[in-house]
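These are my notebook entries on a structure I looked through piece by piece. I wrote down what I looked up and what I found each time.

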Amino acid sequence: MIFSLLIVNYNTEYYIEKLLNSILTQSMAESDFEIIISNNVQNDKLDQMLAKNHFFERLNIRLVPLSQNIGFGRGTNAAAQQAQAEHLLIINPDIILTDNDYLQAMWQFIQAHPDYGVISSQVLDDDGHDGSAYSRFEFTETFGFENQICWFEGSLMFIQKSVFEDIGGFDDDFFMYSEDVDLCYRIKKQGLALIKNNSMSVYHKGGASEPYRDYGFYNRWYKSKLLFMHKHYDQEQFAKFIDDLSKKQRIKRLRYRTLGLASPHYRQKIVQPQAMLDIISDIKSSSAKCLYAN
């Protein structure tokens with residue numbers, strides 16, 4: 001078996017149905033890949049959707065039922081433990097394989113780069129923008145990896161199972177967001193390359209599991225970003241970073257408040273610096289333990 005496709009479901013059954021239908025059109029033989037879905041919700045909607053579409057009969061699918069929502073990284077780790085293939089494809093529910101030869105073409109690309117760390121392709125949104133690769137880690141940090149791919153978006157990543165296991169998979173301390181940044185950084189520190197196949201692409205809807213950009217979203221998102229910095233800065237670096245960030249966010253909050261007197265757009269944006277400042281306050285009053293997933 002070549003690929004184990006790992007999917008984490010959190011109220012994304014609608015999108016998983018579309019993804020699986022696109023997988024059915026792939027030219028790669030169904031015996032060459034398996035699909036493992038970690039179910040982060042405690043209901044039978046996923047089972048009903050799979051049964052209604054006869055996906056169990058049409059594809060090699062296994063489910064990993066979870067007793068609670070353990071987040072994206074942990075959910076992927078749970079699926080990876082069941083994987084039988086040599087190569088993992090971590091793929092978001094709201095991806096669609098728009099090219100029927102996608103898996104076969106990516107397999108040929110992997111064979112040409114056998115010592116890869118992570119491989120991805122173009123990941124296109126509704127506007128045709130490719131959001132797959134980034135040349136900076138969180139807060140524009142590079143850790144010396146200038147002028148190269150620093151990390152791939154976790155919506156679509158090919159990785160050797162042996163490499164994934166050697167580095168311990170996704171860090172369990174991340175509940176959601178920045179776990180892909182952290183994974184890629186740890187892989188790069190092993191001297192393994194992040195390689196992009198620009199000749200292939202998929203469609204990515206984006207934000208399917210968390211569509212609302214409210215205070216709660218920004219609080220979770222920024223916590224993960226700050227957790228990444230806490231893990232990879234030393235104590236002195238992190239303390240200075242937090243002080244500098246606090247000053248910048250206070251200025252941003254004041255600016256949004258001023259502009260918000262004339263524009264509802266900026267009044268809504270105030271939640272962003274406020275969420276960051278609240279997290280920083282928790283860090284300073286207690287400790288960085290507030291960043292870590294329970």
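Before the first entry I needed a term: a polar contact is a pair of N or O atoms within 3.5 Å, where, within protein, one atom must be able to donate a hydrogen and the other to accept it. I also kept in mind that this is a predicted model.

**Entry 1: Tyr116**

I looked up Tyr116 and found it in strand β6, which covers residues 116-124. Is Tyr116 buried or exposed? Its relative accessible area is 0%, and buried means under 20%, so I noted Tyr116 as buried. I then checked its side chain, which makes a polar contact with the side chain of His87 at 2.9 Å. Leaving aside neighbours within four places in sequence, I listed the residues in contact with Tyr116 as His87, Ile110, Phe158, Ile159, Gln160, Ala193 and Ile195. I also looked at Val163, which is 47 residues away from Tyr116 in sequence, while their C-alpha atoms are 9.3 Å apart in space.

**Entry 2: Ser121**

I stayed in strand β6 and turned to Ser121, which lies there too. Ser121 is buried, with a relative accessible area of 0%. Not counting residues up to four places away in sequence, I found that Ser121 touches several residues, including Tyr102, Met106, Asp130, Ser132, Leu156 and Lys196.

**Entry 3: helix α4**

Next I asked how many residues of helix α4, residues 72-80, are buried. I found that 8 of its 9 residues are, so that by the cut-off of under 20% relative accessible area the helix is mostly covered. I wrote down the buried ones as Phe72, Gly73, Gly75, Thr76, Asn77, Ala78, Ala79 and Ala80. What covers these buried residues includes the strands β1, β2, β3 and β4, together with the helices α6 (161-166) and α7 (179-189).

**Entry 4: α7 against α8**

Two packed helices are described by the angle between their axes and the distance between the axes. For α7 and helix α8 (residues 215-232), I noted an angle of about 25°, with the axes 10 Å apart. Angles under 35 degrees count as roughly parallel, and therefore α7 and α8 are roughly parallel to each other. I then looked up which residues meet, and found Val181, Asp182, Tyr185 and Arg186 in α7 against Phe228, Lys231 and His232 in α8. By class, this contact has 3 nonpolar, 1 polar and 3 charged residues.

In soluble globular proteins, nonpolar side chains tend to be buried together. Here the largest nonpolar core has 52 residues, and Leu226 and Phe238 touch the most other members. The largest share of this core comes from α8, with 7 residues. Apart from this core I found another one, of 37 residues, among them Leu46, Ile61, Ile95 and Trp107. I then listed what is in contact with Leu226, leaving aside its neighbours within four places in sequence, and among them were Phe139, Phe238, Phe241, Ile242 and Leu245.

**Entry 5: two positive phi values**

Asn11 is found in the loop between β1 and α1, and with a relative accessible area of 42% it is partly exposed. For Phe143, phi is near 50°, and I placed Phe143 in the loop between β7 (133-134) and β8 (151-152).

Note on methods. Residues are numbered from 1 along each chain as its sequence is written. This is a predicted model: local features need pLDDT of at least 70, side-chain atom pairs count only at pLDDT 80 or more; totals for chains, interfaces and linings use all residues. Side-chain values use heavy atoms; hydrogens and water are left out. Helices (H or I, at least four residues) and strands (E, at least two) are DSSP runs, numbered from the N terminus. Buried means under 20% relative accessible area, exposed over 50%, partly exposed in between (1.4 Å probe, protein chains only). Contact means heavy atoms within 4.5 Å. Axes are lines fitted to C-alpha atoms, for helices over the stretch in contact, and angles run from 0 to 180 degrees between N-to-C directions. Angles under 35 degrees count as roughly parallel, over 145 as roughly antiparallel, 65 to 115 as roughly perpendicular and the rest as oblique. Ala, Val, Leu, Ile, Met, Phe, Trp, Tyr, Cys and Pro count as nonpolar, Asp, Glu, Lys and Arg as charged, and the others, Gly among them, as polar. A nonpolar core is a set of buried Ala, Val, Leu, Ile, Met, Phe, Trp, Tyr and Cys residues joined through side-chain atoms within 4.5 Å.
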